[in-house]
Amino acid sequence: MRHKSFAQETCAIARCLNIVGQWWTLLIIREAFSGVSKFADFQRRLGIARNILTVRLKQLVEDGILQLENSGGQRFEYILTDKGRDLIYTLVALSQWGNKWLFTSGRPSPRLVDKQDLLELAPLEIRSRNGRILSSGDIEFLRAHGKHHEK
């Protein structure tokens, strides 16, 4: 199935979805954060078909999210780049949203903790430039050229 490309969109969200919006992509990145770096380990942990994993990993390398490093001989590892490591904010936000809204029955899920003290992460906060904590009602998407949505 072909998807529309958002690569030329003026919206940052659309452009991000062009890179990480495919099914499996964020799960591959999640596994990379968990220390997975070898093709066979991604496949085993995710239960993903080889052909799909091959395409997704190739695209993540092309997009600069992962880089290939030779681990000896014919073996390669997929390592997060700085660009890839910055996706931790996205993964934490999705995880916290999912834990709040999709696991209301108390079903256990992986916990996100600070490696230093093993305490669960505090909920993400959005702050204004002056440090004020913002809620969803405090945020507005401005269109290009400063035009804002009419209410």
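This is a predicted model: local features need pLDDT of at least 70, side-chain atom pairs count only at pLDDT 80 or more; totals for chains, interfaces and linings use all residues.
**Exercise 1.** Find which helices each supply at least two residues of the lining of the largest pocket.

*Solution.* Start with the helices: α2 (25-33) and α6 (88-101) each supply at least two lining residues. Helices here are DSSP runs of H or I with at least four residues, numbered from the N terminus.

Residues are numbered from 1 along each chain as its sequence is written, and side-chain values use heavy atoms, with hydrogens and water left out.

**Exercise 2.** Describe the largest pocket by volume, lining and residue class.

*Solution.* A pocket is an open set of points on a 1 Å grid over the protein atoms alone, where a 1.4 Å probe fits, with protein on both sides within 12 Å along at least five of seven lines; lining residues have an atom within 4 Å of a point. Step one, the volume is about 1000 Å³, meaning the space filled by probe spheres set on the points, which are joined across faces, edges and corners. Step two, 32 residues line the pocket, with Arg 30, Leu 91, Ser 95, Pro 110 and Leu 112 nearest its centre. Step three, sort the lining: 18 nonpolar, 7 polar and 7 charged. Ala, Val, Leu, Ile, Met, Phe, Trp, Tyr, Cys and Pro count as nonpolar, Asp, Glu, Lys and Arg as charged, and the others, Gly among them, as polar.

**Exercise 3.** Work out which element gives the most to the lining of the second largest pocket.

*Solution.* This pocket has a volume of about 730 Å³. Its lining holds 17 residues, and Ala 93, Leu 124, Glu 125, Ile 126 and Ile 139 lie nearest the centre. Two or more of the lining residues come from each of α1 (12-20) and α6; α6 gives the most, with 5 residues.
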